[in-house]
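Let me put the model up, and then we'll walk through a few bits of it.

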There are 2 protein chains.
Amino acid sequence: MSQSSKSSEPSAPVPTSADVARRAGVSRATVSYVLNNTEAVRISEPTRRKVREAAEELGYVPHAAARSLRAGRTRIVLMPTPHVPIGPLYSTFLDELQWALRRLDYTVVQYGSLGLSGDEAVRAWAELRPVAVISLGEITLSARNVATLRRAGARAVITMGPTAVPGAHALVMDQQQIGARAAAHLVERGRRRIGVVVPREAGLELFSAPRLAGARGVAGAEVEALPMAYSEESAAELAARWRGLRLDAAFAYNDEYAMLLMRALLDEGLRVPEEVAVIGADDLLIGRLLRPRLSTVRIEMPTGDHLASLVDHAVREPSEATERHDLMTAEAVRREST
Amino acid sequence: MSQSSKSSEPSAPVPTSADVARRAGVSRATVSYVLNNTEAVRISEPTRRKVREAAEELGYVPHAAARSLRAGRTRIVLMPTPHVPIGPLYSTFLDELQWALRRLDYTVVQYGSLGLSGDEAVRAWAELRPVAVISLGEITLSARNVATLRRAGARAVITMGPTAVPGAHALVMDQQQIGARAAAHLVERGRRRIGVVVPREAGLELFSAPRLAGARGVAGAEVEALPMAYSEESAAELAARWRGLRLDAAFAYNDEYAMLLMRALLDEGLRVPEEVAVIGADDLLIGRLLRPRLSTVRIEMPTGDHLASLVDHAVREPSEATERHDLMTAEAVRREST
DNA sequence: TTGAAAGCGGTACCAC
DNA sequence: GTGGTACCGCTTTCAA
């Protein structure tokens with residue numbers, strides 16, 4: 001179960017640029033010039049080769065902390081890691097964003113703020129001196145938090161959420177729209193009494209609350225909030241008392257919850273959509289696997305490129321006014337369940 | 001669309017411990033002592049208060065890079081961010097792991113290696129001088145990569161994968177087991193000719209290849225690889241030519257692909273499980289929503305605590321032999337589709 | 001109980 | 001073309 005290895009006992013010291021310089025018989029300055037291809041300075045080809053070889057042989061890797069300490073700034077874009085599985089939609093968006101930022105030569109660091117309070121988390125982020133912070137979801141930043149980050153050198157702070165935070169560039173992804181589109185669709189289809197499923201799972205409030213509020217705001221809809229956990233039991237329990245609720249439609253937070261509920265309603269002998277119309281959100285593939293096919297609200301996320309260039313711009317021109325951008329659109333897609 | 005803000009023009013300089021010292025009328029050393037609660041040194045209560053207040057007023061946050069440069073080591077545990085949505089199972093595990101590491105006072109940094117080759121990615125990681133690297137999935141580390149990380153000061157390198165990497169602590173999550181359990185279950189149910197769905201999507205090979213290989217290794221099973229994309233079209237296309245394939249069972253990588261395939265097979269008029277048995281993997285909730293209910297392979301992941309303490313131990317005792325740990329178990333769960 | 005100063009690993013200015 | 005050196009922010013010995 002254990003294979004021994006000749007691991008260095010007190011561990012060999014990490015090679016520094018001084019080591020490279022010594023080995024190549026040049027100064028530390030020269031090493032720096034060569035390895036960074038400094039334009040402003042000419043180094044002879046033989047010297048370059050010697051330096052490169054020495055670095056290679058030693059397995060030299062520059063020390064990011066030392067570099068950014070000297071430079072006085074980093075290229076770190078910090079993104080708090082979400083802890084709730086946030087769905088393929090969001091994941092894809094984040095991936096795109098990472099790509100795009102990397103193309104702009106930023107280093108994307110996801111920092112897990114799990115188990116930290118908002119203030120603690122922000123402090124921890126600030127210690128890394130990120131040039132930008134993109135906080136989408138979970139932790140809502142206060143104005144004070146934004147100030148802390150700015151003082152620590154962040155030139156752009158971007159938040160997602162229903163409301164803009166003073167001092168931050170706000171990327172407003174208005175989740176309300178989603179609830180509004182769903183409820184409006186149901187009303188259009190002749191429904192009035194709409195049950196809105198609210199996940200019992202913690203950490204989703206930032207999404208679920210606005211979705212509920214959005215539905216509430218639709219004229220002609222009577223909305224009832226229905227807490228439900230992501231489990232067969234919880235769905236069955238809700239379905240069992242469905243007839244008593246006197247609802248003719250359900251909007252179920254997203255397609256996964258909608259599927260779960262629809263399955264339970266069907267098992268309970270209710271006809272979908274005749275007796276109860278069901279609509280989800282996010283337009284997930286799995287929504288098309290059950291019969292009737294699930295109607296949904298399709299969400300158009302901003303492209304990663306777009307947000308990345310927003311970040312880049314904010315970093316380069318931090319003196320500009322903070323802006324508010326609405327970057328998300330939603331539309332109902334009718335399939336068979338409504 | 002744009003609200004102006006009194007953003008500091010050339011941006012005020014970030015406050016340093018020297019600023020705090022000046023404001024409190026003490027030396028930088030004293031500031032350090034107070035803010036770090038250094039045991040070895042006694043500071044009078046009034047001085048402590050002055051320092052704390054000054055720091056508070058300035059919004060001082062220490063500079064992580066400077067600190068770790070001086071200390072000569074970091075508490076960073078680096079985890080490459082996966083770019084493919086990896087499923088709730090894996091996400092939960094990663095969350096647990098983050099929690100556990102934080103409790104042990106490590107800073108978990110997820111570094112997006114998107115768009116970097118293996119070597120480039122490893123170099124970038126090494127620049128951060130992480131004390132440990134936990135690379136699960138996607139990028140497979142070569143022995144050379146591990147050496148690079150070790151030279152850069154990483155005291156533990158942990159990889160996931162079917163095979164151990166020389167010099168790294170290997171957390172072997174043997175995906176082969178999953179394929180083996182699935183195929184064995186099908187053989188037990190009297191099936192012989194098994195189609196194994198292999199996702200066309202890039203980035204999943206690290207999981208899909210071993211699962212396929214595991215199925216191949218089961219006595220009594222004739223295995224055929226079936227490339228399929230995660231889309232209704234691809235599934236329908238596969239289902240359309242199913243009868244010609246003369247297969248009596250399918251193992252579909254995971255429950256999502258299995259659901260997709262099963263739906264397409266049913267739509268094609270095939271009877272499940274009579275004409276074709278279908279089994280997935282990961283035991284996702286959605287697998288229970290279709291009828292017949294999907295059989296699956298349930299995977300038991302190691303607990304985050306366990307892996308965290310493994311990491312911690314490796315960091316403290318790096319001279320110990322590198323070890324290989326088998327941390328994953330899998331078992332078939334029969335529902336109705338087999 | 002507090003302060004002065006060295007030094008962590010790079011970079012970039014200025015001399016030679 | 002190349003080298004000497006000051007400095008980025010923080011911790012920690014050593015002296016006072």
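So, one term before anything else: when I say polar contact, I mean a pair of N or O atoms within 3.5 Å; within protein, one has to be able to donate a hydrogen and the other to accept it, and residues adjacent in sequence count only if both atoms are side-chain atoms. With that in hand, a backbone N or O atom of Ser44(B) sits 3.1 Å from a phosphate oxygen of DNA strand C. Arg28(A) goes to a base instead: an N or O atom in its side chain is 2.8 Å from a base nitrogen of DNA strand C.

Quick housekeeping. This is a predicted model, where local features need pLDDT of at least 70, side-chain atom pairs count only at pLDDT 80 or more, and totals for chains, interfaces and linings use all residues. Residues are numbered from 1 along each chain as its sequence is written, chains are lettered from A and ligands numbered from 1 in the order in which they are written, and side-chain values use heavy atoms, with hydrogens and water left out.

Now Thr74(B), in the loop between helix H4 (64-71) and strand S2 (76-80) of chain B. Is it buried or exposed? Its relative accessibility is 10%, so Thr74(B) counts as buried; the cut-offs are under 20% for buried, over 50% for exposed, partly exposed in between, with a 1.4 Å probe and protein chains only. The Thr74(B) side chain reaches the backbone nitrogen of Ile76(B) at 3.2 Å, and one of its polar atoms lies 2.8 Å from the backbone oxygen of Arg129(B).

Last, chain A overall: 13 helices and 13 strands, with buried residues making up 54% of its 338. Its C-alpha atoms fill a box of roughly 85 × 60 × 35 Å along the principal axes.

Technical notes
Helices (H or I, at least four residues) and strands (E, at least two) are DSSP runs, numbered from the N terminus.
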